[in-house]
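Visitor: Could you walk me through reading a helix and the packing around it? I would like the general idea before each case.

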Amino acid sequence: SLPAPKRWVIICCPVSGAKQGVQIMNDITIPKMKELGIEVKMILTEAAGHATDLAKEHGSSEVGLICVGGDGTIHEVVDGLTEAGKLGSVMLGILSQGTVNSFYHTSKLPSA
């Protein structure tokens with residue numbers, strides 16, 4: 001089990017699904033994390049492949065990632081961590097915000 005990092009980067013696709021991910025992060029998640037003394041910043045994806053690059057750049061054993069988006073965004077983040085050889089050393093949270101959310105429905109991950 002990985003220790004929870006004190007720093008997190010939220011990789012958020014602003015156009016996924018109902019387009020509520022940014023608002024949820026700004027209204028609920030980010031304030032609560034800051035209240036708990038956790039350093040957090042959100043980066044919005046700008047194009048296909050951007051989440052892959054962001055995961056490679058920011059994910060580390062000291063910096064956890066929260067992926068907010070649909071199946072494509074989740075896939076890109078996991079691909080980035082895999083390509084960088086970091087998949088087993090980065091704590092990853094997922095807020096599935098896509099239209100279909102196939103990853104959520106097939107992954108058997110616990111709900112928050």
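Guide: Gladly. Buried means under 20% relative accessible area, exposed over 50%, and partly exposed in between, with a 1.4 Å probe and protein chains only. Helices (H or I, at least four residues) and strands (E, at least two) are DSSP runs, numbered from the N terminus. This is a predicted model, where local features need pLDDT of at least 70, side-chain atom pairs count only at pLDDT 80 or more, and totals for chains, interfaces and linings use all residues. Residues are numbered from 1 along each chain as its sequence is written, and side-chain values use heavy atoms, leaving out hydrogens and water.

Visitor: Which residues of α1 are buried?

Guide: An α-helix has 3.6 residues a turn, so residues three or four places apart point the same way. In α1, the buried ones are Gly 21, Met 25, Thr 29, Ile 30 and Met 33. Their cover includes β1, β2 (39–44), β3 and β4 (92–96), where contact means heavy atoms within 4.5 Å.

Visitor: Where does α1 bend?

Guide: A bend is the angle between axes fitted to the seven residues ending at a residue and the seven starting there. α1 bends by about 35° at Thr 29, and Pro 31 follows within four residues. Just after α1, Gly 37 has a positive phi of about 80°.

Visitor: How many residues does the largest nonpolar core have?

Guide: Such a core joins buried Ala, Val, Leu, Ile, Met, Phe, Trp, Tyr and Cys residues through side-chain atoms within 4.5 Å. The largest has 13 residues, including Val 9 and Leu 65.
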